[in-house]
Amino acid sequence: MLENTITREQFQTLLPTICDEDTSLDSAGWSTENPLWGHCAIVSLVAQNLFGGELLRASLAETPGLEHMRSHYWNRLGDGSVEDFTKPQFCGNYPSKLKAEPRERSYALSFPETVKRYKLLAWRVARAFNEGNQIFKDSIYQKCFYAALDSPCQKMKFGCVITRNGEIIYEGCNKTIECLRSLCEPRCIRLSIASRTESMLGACGHAEEGLWEVVHRGIPISECELYVVGVHTNGLSWLKGQVEHTCLRCAVLMHDARLRKIYVPVVDRWQGITTETALVTARRYATQEKKV
Ligand SMILES: [Zn+2]
Ligand SMILES: [Zn+2]
């Protein structure tokens, strides 16, 4: 199995091959000669997923010729080092006297256009990391992956798509249950609990619990199928090695709701399991008969 990480050097080398006019803030100004043009915010967001640390931002309002780009983003990584992965976009004329200020991720992601480009770039990084893997050609897998990127979970992001007779009726992720928030602040309680056990403990609702939203809409769950995908907090895909569902909390829910089928990504394809099988496989982890 591959290590689930990429190095800074690999990331820097990968960038020009996955950045284009669709991921650039300035598609009109983008060219193959300068592939990183207009990519600073989303590259910094993806780099923060991969290498930790914080986002740095400076205004370009006073930088002649770059005023229209408004701001520039780069990173102070988890180990304290400062990295500007889109530096090559300035072609040797790096703006001088930039006043760096740390910026919250939530600020950069408060612009819907940035979110769209960020998700596309994150997807391309994950796809490149799993080069040739055909699940990255699957549109439901992509929707699950995009949904997972919205998860605030510090341990693992999950994205879920629910279909009814082949039509997508729900897309969502594991997200904070407000009344339980203190369980995971500042540090997620689940980081000190063995994975796949004690599944009720934690402030994050589970992605599969999106099923309730479908219930509230009055849709019969027995006509629905559910797809669920894990994404590591570094933004890379978690693909299962075997067909199984590993969470007893969700397995019980899906079984009692009479969900038609559950699909999980195994190596490079979807594999479907019944809710009975999910109960059996999840139970083994819950009792620690099987361990991660
Ligand atoms: Zn969590
Ligand atoms: Zn669960």
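In the predicted model, Cys 250 is a buried residue, with a relative accessibility of 0%. Cys 160 is likewise counted as buried, and its relative accessibility is 0%.

The cysteine sulfurs were then examined for disulfides. The cysteine sulfur closest to that of Cys 160 belongs to Cys 144, and the two atoms are 6.5 Å apart, which is too far for a bond. A disulfide would require the two sulfur atoms to be within 2.5 Å. By this rule, the count of disulfides is 0.

The zinc ion (ligand 1) has Cys 153 and Cys 204 as its protein donors, each through its SG atom, at 2.2 to 2.4 Å. Cys 153 is located in the loop between helix H5 (139–148) and strand E5 (156–164), while Cys 204 is located in the loop between strand E6 (167–173) and helix H6 (211–216); the pair therefore ties together parts that are 51 residues apart in sequence.

At the level of the whole protein, the domain assignment gives domain 1, covering residues 8–113, and domain 2, covering residues 134–286. The centres of domain 1 and domain 2, taken over C-alpha atoms, are separated by 32 Å.

How values were computed. Residues are numbered from 1 along each chain as its sequence is written. Chains are lettered from A and ligands numbered from 1 in the order in which they are written. This is a predicted model: local features need pLDDT of at least 70, side-chain atom pairs count only at pLDDT 80 or more; totals for chains, interfaces and linings use all residues. Side-chain values use heavy atoms; hydrogens and water are left out. Buried means under 20% relative accessible area, exposed over 50%, partly exposed in between (1.4 Å probe, protein chains only). Donors are N, O and S atoms within 2.8 Å of the metal (3.2 Å for Na, K and Ca); water is not among the atoms, so sites may look incomplete. Helices (H or I, at least four residues) and strands (E, at least two) are DSSP runs, numbered from the N terminus. Domain bounds come from an automatic or database domain assignment.
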